[in-house]
Amino acid sequence: MASTDPFDTLPRRPANLAPPAPEYPWPEGYSSAMFLSFDVDAESVWTAKDPAHFDRLVTMSYGGYEARVGTPRILEMLARLELKATFFITGWTLDAHPAMCEAILKAGHEIGHHGYHHLMPDPGSDRLIEEVDDGFEALKRRLGVVPKGYRAPSGEFCETLRKMLTERGIVYTSSFRDDVRPYRHLLEGGQPGPIELPPTASYDDWMLGLSARFSPRPIFPAEHVMSIWKDELDETRDWGAMVTTVLHPQCSGRPMRLRLLRDFLTYAQSCKDVWIATGEEIAANFRRHEAKG
Ligand SMILES: [Zn+2]
């Protein structure tokens, strides 16, 4: 009788076949990089867990903070520091808060794809294709944007998604945790996929600074987080590598969190060797060097 144990058929190979990242140089004058990026989920991060949350108004209000206060404050801070970032926005957020999203675009930031309902792209999910295509459609309809970058909602991926994004012209993704430099994905058949700009888990503000009824966790003081963020950046500079932030305006747009982020970005700017850039810019740097062979 054939075995039904899934471990018997588990492939004995790495899950990601792409080789380690090439050590392409950063632009003139820089020896490391920071991909400054935000995930704009608004209420969709909560309804993705359970659509019934929509009627739990206080739970929804965590997401609502993003449009009312968090994002405008972050845009103001970035303008003051003269920084440009990438904002990955869910389609639902675009439909629910068009003015907030238009303000992000108008301020000159890059807009990326972050799904429609913020549903985790689980292999076998029957909403996988719809979630991606509805996200593209909302970006086009609301902002006239054809995104170059994609970050997976809840940071999960599957081969069907990787293939689908390649076919739809996505230039880079930012979800995998397996490197500290950009690299080129290889699809299962060996064909090239998008460029990966790996996120840095220690720069996920949600893990360190947001606690709610349906997402309970300890939150950490500024000194604690600043020491993590500085240590990660300083060692990355020594490696000549990159960090990628995963910041959420519903967390980092809160007063003490905003002060912390502003202080950290000011520190990063004082390190003259760190190139603080959008995903589009970092992916373009990779492509330039890749084309040279
Ligand atoms: Zn998200």
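Visitor: Let's begin with His-118. Buried or exposed?
Guide: His-118 is buried, with a relative accessible area of 5%. Buried means under 20% relative accessible area, exposed over 50% and partly exposed in between, using a 1.4 Å probe and protein chains only. Please keep in mind that this is a predicted model: local features need pLDDT of at least 70 and side-chain atom pairs count only at pLDDT 80 or more, while totals for chains, interfaces and linings use all residues. Residues are numbered from 1 along each chain as its sequence is written, and side-chain values use heavy atoms, with hydrogens and water left out.

Visitor: Where does His-118 sit in the fold?
Guide: In the loop between strand 4 (110-113) and helix 5 (128-143). Helices (H or I, at least four residues) and strands (E, at least two) are DSSP runs, numbered from the N terminus. His-118 also has a positive phi of about 60°, although it is not a glycine.

Visitor: What about phi at Ala-42?
Guide: Ala-42 has a positive phi near 45°, again in a residue other than glycine. It lies in the loop between strand 2 (37-40) and helix 1 (44-47) and is buried, with a relative accessible area of 0%.

Visitor: New topic: where does helix 2 bend?
Guide: At Glu-66, by about 45°. The bend at a residue is the angle between axes fitted to the seven residues ending there and the seven starting there. Just after helix 2, Glu-82 takes a positive phi of about 55°.

Visitor: And how do strand 7 and strand 8 pair?
Guide: Strand 7 (residues 183-186) and strand 8 (residues 192-196) are antiparallel, with three bridges; two strands pair if DSSP finds at least two bridges between them. Arg-184 has Ile-195 of strand 8 as its bridge partner. The two strands form a hairpin with five residues between them, and Gly-190 in the turn has a positive phi of about 95°.

Visitor: Last one: how many aromatic pairs are there?
Guide: Rings of Phe, Tyr and Trp (its six-membered ring) pair if their centres lie within 6.5 Å; planes under 30 degrees apart count as stacked, over 60 as edge-to-face and the rest as tilted. By this rule the count is 14 aromatic pairs. One of them is Tyr-24 with Phe-286, edge-to-face at 5.1 Å centre to centre and 65° between the planes. Tyr-24 is in the segment before strand 1 (32-35) and Phe-286 in helix 11 (residues 279-292), so this pair ties together parts 262 residues apart in sequence. Phe-286 is buried, with a relative accessible area of 4%.
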